[in-house]
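Subject: Structure handover and notes

Dear colleague,

I am passing on the structure we spoke about, together with my notes on it. Please keep the model open beside this message as you read.

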Amino acid sequence: MSDYLQVATATETRAAAIDLAQSAVAARLAGNAQVIGPVVSVFWHLGEQGTGEEWRLLLYTTADRYDALEAHLLARHPWSNPQVIATPIVAGSTECLAWLRQSVGAAGPTP
């Protein structure tokens, strides 16, 4: 598994996505987050196909912080069964990845 992950979820509102992003970054579970949207999702829910407008949230973290980030998102997400998916980051600039590791560490980034 990669040492670095991009974690995705979605919310019904921009405000909910920003709240999740801010709480995860403040808790040092993600080094940064991006709110993208609105986007259109097509899905199966309760046996029926649906379509809805959502706000996509991408968070960037390390593999060793994933479990805590997932638990954080699930505990604070407005939906009872949100999609939370991690995708490995297979390459990135050395400086960016070092910054990400520092950002999610207990000491945080160096000034």
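In what follows, a residue is called buried when its relative accessible area is under 20%, exposed when it is over 50%, and partly exposed in between, using a 1.4 Å probe and protein chains only. This is a predicted model, in which local features need pLDDT of at least 70 and side-chain atom pairs count only at pLDDT 80 or more, while totals for chains, interfaces and linings use all residues. Residues are numbered from 1 along each chain as its sequence is written, and side-chain values use heavy atoms, with hydrogens and water left out.

**Backbone points to check**

By the cut-off above, leucine 46 is exposed because its relative accessibility is 76%. Leucine 46 sits in the loop between strand 2 and strand 3, where helices (H or I, at least four residues) and strands (E, at least two) are DSSP runs numbered from the N terminus. Although leucine 46 is not a glycine, its phi is positive, at about 55 degrees. Arginine 28, in the loop between helix 1 and strand 2, also is a residue other than glycine with a positive phi, in this case near 60 degrees, and with a relative accessible area of 30% it is partly exposed. Most residues other than glycine have a negative phi, and most peptide bonds are trans. The peptide bond that joins glycine 37 and proline 38 is cis, with omega about 5 degrees, and proline 38 belongs to strand 2.

Leaving aside neighbours within four places in sequence, asparagine 32 is in contact (heavy atoms within 4.5 Å) with Val25, Leu58, Leu59, Tyr60, Trp99 and Leu100. Between asparagine 32 and glutamine 22, which are 10 residues apart in sequence, the C-alpha to C-alpha distance is 8.8 Å.

Tyrosine 60, from strand 3, is buried, with a relative accessible area of 15%. With neighbours within four places in sequence again left aside, the contacts of tyrosine 60 are Leu5, Gln6, Ala30, Gly31, Asn32, Gln34, Ile89 and Leu100. The C-alpha atoms of tyrosine 60 and alanine 26 are separated by 13 Å, and the two residues are 34 residues apart along the chain.

**Nonpolar cores**

A nonpolar core here is a set of buried Ala, Val, Leu, Ile, Met, Phe, Trp, Tyr and Cys residues joined through side-chain atoms within 4.5 Å. The largest one has 13 residues, of which Val7, Leu59, Leu69 and Leu73 touch the most other members. Strand 1, helix 1 (14-26), strand 3 and helix 2 (66-76) are the elements that give two or more residues to this core. There is also a second, separate core of 7 residues, which includes Ala8, Tyr60, Leu100 and Val104. Not counting residues up to four places away in sequence, leucine 73 touches Val7, Leu20, Leu59 and Val84.

In it the side chains of arginine 101 and aspartate 64 meet, at 4.0 Å from N to O. Because arginine 101 lies in helix 3 (residues 94-104) and aspartate 64 in the loop between strand 3 and helix 2, the pair ties together parts that are 37 residues apart in sequence. Arginine 101 is partly exposed, with a relative accessible area of 34%, whereas aspartate 64, at 59% relative accessibility, is exposed.

Serine 103 is likewise a residue of helix 3, and at 5% relative accessibility it counts as buried. The C-alpha atoms of serine 103 and alanine 30 are separated by 7.4 Å, although the residues are 73 residues apart along the chain.

With best wishes
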